[in-house]
Each structure stands twice: as C-alpha cells, then as structure tokens.
Amino acid sequence: MPRIEIDENSGFCFGVVTAIQKAEEELEKSGSLHCLGDIVHNASEVERLRLKGLRTITHTELAELKDSTVLLRAHGEPPSTYATARQNNITVIDATCPVVLQLQRRIKQAYDDNLLRYHDGEIKEMPMILIYGKEGHAEVNGLVGQTDGQAIVIQSPADLDNVDLNRDILLYSQTTKSLDGFRHVVEEIKKRKTSGKFEYFDTICRQVANRLTKLREFAASHDAVVFVCGAKSSNGKVLFEECRKVNPRSILVSDGTELDMRTLQGAESIGICGATSTPRWLMTEIAERINNHNNND
C-alpha cells in the first residue's frame, strides 16, 4: 500500500481564496452572481460555484448587462471595465488581489507621471513600459490597461528582438511569473542595451514564487507525483514542468477522471500537489480515489 501525501503548500493563493469567499458570501445572500471570466482557472471549482448560482460572463456580455452585480476576480481588470460598470449601473464586487492591485497602481502612477513630464516638455520621449508576462492573460490585460494600451508585453527574451532597447525602459512583471524567467529578461536587456535608462522592478508575488523551491523538494521526495491543475492555468503549466524536472514520474491531471492508475503502479510513495488555482478538495478527492483503487486491488 503506497504512502499518499498532499502537499500542504499547494492550492489556492490568498487572492483566489478571498475572491471565492466574496463570491460565496454574495451567493448566500442573493442566490445568484455574475463573475467576469472564470473566477479561477479550474473547471471543477468553476462548476462547483456554478451550481451555487455563479454565472461566468465575458466582457462582451458585461457591456450588455444592466443594473446587476458583478464580481471582478483576483486577476484584476483594466480601467475600461470599471467605466463600463459605471455606465451600466453595475454594482462591482472587487476581488482584485491586493498584490495585483498594488502593481496596477504602480504602473499607472509611472505612466501618468511620465505623460505629464512629456507634455510639460521635461522629457522628449515617453519611457517604454515593458511587462514580462503572458500575452492575453487577464492580469496582463489589466496591467496594460493602466497605460492606455501603450505597455509592451514580453513573453520571453526572444520578444526583445522587436523592441527598441535604446529608449528609456521601465520593466515590470506579471505577479505569477517565475523569478528565474524575470532575471533572464533583465540580463538580456542589460546585455543588449547601449543607451538610455533602464529601471526594472521585481513585482512577482512571493507567495507564488516561494512555492517553487518547496514544490521541487516535495516532488523529489516521492516515487511518483500527481500534479492537479486546470487546463487554463498558466501558473499550473509552469509548476508542473518544474515537478517533472526533479521527478520524471510526474503526471498532470485536471481531475480524478483523467488519472490512469497504471501510471502509479509500483510507486511506494505518491505525492499530490497543484497550482495556485487548484482547490484543496480536488486534491483530497484524487487521494481518496487512489486509496480506493488500492483497497479494491
């Protein structure tokens, strides 16, 4: 009978926990609530909340909605979303993660200050704001929105080929990116830049970043690892690859139905872990499924 352990450091980050708590509080009162985008990148958790009355809507649907209540998830939103809500008399329950909110304000302040200096003639050209993150990601869309769409998203050092690196540059990061990846981009810019100022700001959430070391240790301590995360989770894909680097016998599933027990045969120790978007109850459910299978053998 293998030993099964659920990683105590895996599961929802505090921003997601707060968003779900706010959703459940409103659902307890009213029985229904709109959420702009999936509240978390995990289909099982989204379905659990749908059954309680949470309806996921798109930005297009938001523009057509009137006199309703809408939850803004932890990823954050650009200023245009708040403008639409005001115009349509929508009550906003703002569950933007405090770390993301602080970053939004920082980028907006930098952009507004430099725009004012540019109009006053203090500077001849606006500094270029670069954001290291995933193009199209909800958080990144919110960050770019703080600059009236002027910020440029860098997904990898290769994207720097299309950027004028001799302008003054301000570099920020999506909060859930890896520290190593951010440092690599910083070093590439330093190496290529021949003129102009370069300021960079490590804006990566430490609760997320610090999980990486602990996750590697956890994965290495087991014969096999079951990593649980939704198909839409960017953070999950990154963390799973880190698991696989230290433990090639790492298996990726979105829920228990995808688990092939044959992949765990012979493992005396099985670790179950997940992304910041993975609910604890789902990891527990998978542990029980493995136990039940072993008991029936």
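Guide: For residue classes, Ala, Val, Leu, Ile, Met, Phe, Trp, Tyr, Cys and Pro count as nonpolar, Asp, Glu, Lys and Arg as charged, and the others, Gly among them, as polar. This is a predicted model, with local features needing pLDDT of at least 70 and side-chain atom pairs pLDDT 80 or more, while totals for chains, interfaces and linings use all residues. Numbering runs from 1 along each chain, and side-chain values use heavy atoms, without hydrogens or water.

Visitor: Which residues lie nearest the centre of the largest pocket?

Guide: A pocket is an open set of points on a 1 Å grid, fitting a 1.4 Å probe, with protein on both sides within 12 Å along at least five of seven lines; lining residues have an atom within 4 Å of a point. Here 14 residues form the lining. Nearest the centre are Thr176, Lys177, Ser234, Asn235 and Val238.

Visitor: Which helix gives the most to that lining, the lining of the largest pocket?

Guide: Helices are DSSP runs (H or I, at least four residues). Both α8 (206-209) and α10 (234-246) supply at least two lining residues. With five residues, the top contributor is α10.

Visitor: How many charged residues are in the lining of the second largest pocket?

Guide: Helix α5 and strand β8 (169-173; strands are E runs of at least two residues) each supply at least two lining residues. The lining has seven nonpolar residues and one polar. The charged residues number five.
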